[in-house]
Amino acid sequence: MASSNRMLLKQLLYLALVMPMIFSSVNGNGLKVGFYQKSCPQAEAIAMNVIKETLAVAPSLSGPLLRMFFHDCFVRGCDGSVLLDSPTKQAEKDAIPNQTLRGYEIIDRVKTALELHCPGVVSCADIIALVSRDVVVQTGGASWEVETGRRDGRVSLLNDALNNLPPPTFNINSLRKLFQQKGLSMKDLVVLSGAHTIGISECSSFTNRLYNFSGKGDNSFDPTMDPYYVAALRKKCTKNGPNIFVEMHPGSSKKFDVHYYELVSKNRGLFQSDAALLDNAETKSYVEAHKSGNQGSFFKDFGVSMVHMGRIGVLTGTSGEVRRVCSKNN
């Protein structure tokens, strides 16, 4: 009897130690860190190498490649549907909010390299997730453990992108509602907005803030913007001039850092959705806490929020498919 009790006690102790480890590595959506550890152990290293080589010669792709994860996850979930082509131009990538996305060929390069090592194993949805992390690392940000195990969706519709991607004109109430619908918090909102520290934007995304903001046909600008910043932007984005690109973070658009919050705090956020972060107590508090630095805190938070976003509407198990070519279904 004593021997049986000791055996039972050992089993209970074992479970007490092992079960937390299991639950910490696998979330409720079926994703886990190291999903390809046995089926394709070099998967993450292969993706990282491609991104490192790419950004060494084309650093301007860092912003679009990071945005791609957001644009994928907010439409039908993180299922790689943003990559699908449509012969009639009715896919997500054909929607106006996605027409400035670039870097699809880089995703294809990663996929081709992975198919050579592990055919039919790594999903395109997971590639987007891995690439978003690798871009941040290669532009000076910190790394985080990416949960993998997503499968690829088979549907991609232009209208889905139009209905689910927030325009740069969204106010804080619209942003809050959308993020809540996706299961994300206000902290996730303000942290993920920090991705605007890298990349560029077309003038058309914010010229409404520079000219005729009152709607009366005058030369008014958004009164929440720093007038000196408005003047600088007007020199590049003229009223009837070409729709050119400008840096979202002037002077540091290719480096992932915390200084985005300093710009927002000084009313120099490029979009109305950036300025909106000052219209909510929680998001404003985060901006204020990081406007003078605190980069380590932001880097940690960013990784956590990217993991949260990466769980939106995922397909796992036998759902979806693993595409051989990311732009078309098998």
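Mentor: Buried means under 20% relative accessible area. Keep that cut-off handy, and remember that this model is predicted.

Trainee: Okay, why does cysteine 118 count as buried?

Mentor: Cysteine 118 has 8% relative accessibility. The cut-off is under 20%, so cysteine 118 counts as buried.

Trainee: And what makes cysteine 40 and cysteine 118 a disulfide?

Mentor: Look at the sulfurs: S to S is 1.9 Å. A disulfide needs cysteine sulfur atoms within 2.5 Å, so a disulfide joins cysteine 40 to cysteine 118. Cysteine 40 sits in the loop between strand E1 and helix H2, and cysteine 118 in the loop between helix H4 and helix H5, so the pair ties together parts that are 78 residues apart in sequence.

Trainee: Is cysteine 40 buried or exposed?

Mentor: Buried, with a relative accessible area of 1%.

Trainee: Why is the disulfide of cysteine 203 and cysteine 237 called left-handed?

Mentor: The torsion about its S-S bond is about -70°, so the disulfide is left-handed. Cysteine 203 lies in the loop between strand E3 and helix H9, while cysteine 237 lies in the loop between H9 and strand E4, 34 residues apart.

Trainee: How do you know that cysteine 124 and cysteine 326 form a disulfide?

Mentor: Their S to S distance is 2.1 Å, and the limit is within 2.5 Å, so a disulfide joins cysteine 124 to cysteine 326. Cysteine 124 is in helix H5 and cysteine 326 in the segment after helix H13, 202 residues apart.

Trainee: How many disulfides does the structure hold?

Mentor: Four.

Technical notes. Residues numbered from 1 in each chain as written. Predicted model: local features only at pLDDT ≥ 70, side-chain atom pairs only at ≥ 80, totals over all residues. Heavy atoms only, no water. Helix = DSSP H or I, 4+ residues; strand = E, 2+ residues; numbered from the N terminus. Buried < 20%, exposed > 50% of the residue type's maximum accessible area, 1.4 Å probe, protein only.
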